Amino acid sequence: MGDNIFNLWEDKKDLKKLESKALKENIPIISRETANILKSVITVKQPKLILEIGTAIGFSTLWLAQYTDSDTEIVTIERNQARFNNARKNIKKFGFNDKVTFKFGDGQEIVPYLRREFNFVFIDAAKGQYLNLFKLVEDKISENGIIICDNILYKGLVRNNKKVDHDIRTIVINLRKFLIYLKNNQKFKTEIFDIDDGISISTRRNS
Ligand code: SAM
């Protein structure tokens with residue numbers, strides 16, 4: 001498996017350059033582990049309509065664009081103007097402009113206005129908002145559709161009951177509430193993976 005991951009990234013020199021640039025400029029992007037999970041899921045599911053909340057500079061968007069069919073559309077939302085502008089440039093540079101629809105603003109305000117059914121949603125935004133964002137997208141997922149959320153275990157702090165510093169307490173409390181919500185959710189079946197900073201994969205049950 002290690003070899004596969006290595007080859008996968010060796011083949012993608014330009015993407016590696018963008019990855020290095022993001023890391024150098026302290027722009028948070030998906031880890032390689034997360035990237036490979038996303039790749040596995042979309043390769044199997046081949047979603048036709050994807051929603052991403054948290055574009056940053058478009059690294060994960062490019063990753064999703066690469067492993068989906070040419071007629072797949074990715075709607076991606078970013079609230080930071082500079083990152084949004086950068087993402088547009090990067091997606092264009094990589095030749096995926098036709099597959100990506102950009103939306104500038106807060107996902108919490110934009111999602112309620114999205115009218116289509118998504119087959120796959122990737123939430124990689126402000127951690128304190130995951131519960132809210134998940135609830136907003138829930139009704140916009142097709143049958144057997146999938147929602148993946150990144151960084152849900154937040155440096156291992158979410159799963160233990162240890163006291164956390166004041167400045168990150170709200171994030172940790174909100175993520176704990178989110179995990180309880182997922183656990184009790186009748187409409188979605190969720191698996192939590194202790195990979196990297198924690199990933200949840202939720203599949204909509206058939207109604
Ligand atoms: N998915 C990106 C990647 O891997 O290349 C990284 C996303 S980064 C971890 C999170 C991004 O989400 C930031 O650029 C931030 O500005 C944006 N963000 C956070 N909360 C948001 C929200 N509610 N709506 C839209 N964008 C949000």
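Biologist: Which pocket is the space taken by the ligand?
Modeller: The model is predicted. The space taken by the ligand is the largest pocket.

Biologist: Which elements give two or more residues to the shell around the ligand?
Modeller: The ligand is surrounded by 21 residues. Those giving two or more residues to this shell are α4 (59-66) and β2 (73-78).

Biologist: How many residues of the shell around the ligand are charged?
Modeller: The closest residues are I30, G54, S60, E78 and Q129. By class, the shell has eight nonpolar and seven polar residues, and the charged residues number six.

Biologist: How far is a polar side-chain atom of Q129 from a nitrogen atom of the ligand?
Modeller: A polar contact is a pair of N or O atoms within 3.5 Å. In the side chain of D106, an N or O atom is 2.9 Å from a ligand nitrogen, and for a polar side-chain atom of D124 the distance to a ligand nitrogen is 2.8 Å. For Q129 the distance is 2.6 Å.

Biologist: What part of the area that the ligand exposes alone does the protein bury?
Modeller: Taken alone, the ligand exposes 600 Å². Of that area, the protein buries 93%.

Biologist: Which residues lining the largest pocket are the closest to its centre?
Modeller: The pocket has a volume of about 530 Å³. Its lining is made of 27 residues. The closest to the centre are P28, R83, D124, A125 and A126.

Note on methods. Residues are numbered from 1 along each chain as its sequence is written. This is a predicted model: local features need pLDDT of at least 70, side-chain atom pairs count only at pLDDT 80 or more; totals for chains, interfaces and linings use all residues. Side-chain values use heavy atoms; hydrogens and water are left out. A residue is near a molecule or strand if one of its heavy atoms lies within 4 Å of it. A polar contact is a pair of N or O atoms within 3.5 Å; within protein, one must be able to donate a hydrogen and the other to accept it, and residues adjacent in sequence count only if both atoms are side-chain atoms. Accessible areas come from the Shrake-Rupley method with a 1.4 Å probe; for residues, only the protein chains shown count as cover. On a 1 Å grid over the protein atoms alone, a cavity is a set of points where a 1.4 Å probe fits but cannot get out, and a pocket is an open set with protein on both sides within 12 Å along at least five of seven lines; lining residues have an atom within 4 Å of a point. A molecule sits in a cavity or pocket if more than half of its atoms lie within 2 Å of its grid points. Helices (H or I, at least four residues) and strands (E, at least two) are DSSP runs, numbered from the N terminus. Ala, Val, Leu, Ile, Met, Phe, Trp, Tyr, Cys and Pro count as nonpolar, Asp, Glu, Lys and Arg as charged, and the others, Gly among them, as polar. Grid points are joined across faces, edges and corners, and a volume is the space filled by probe spheres set on the points.
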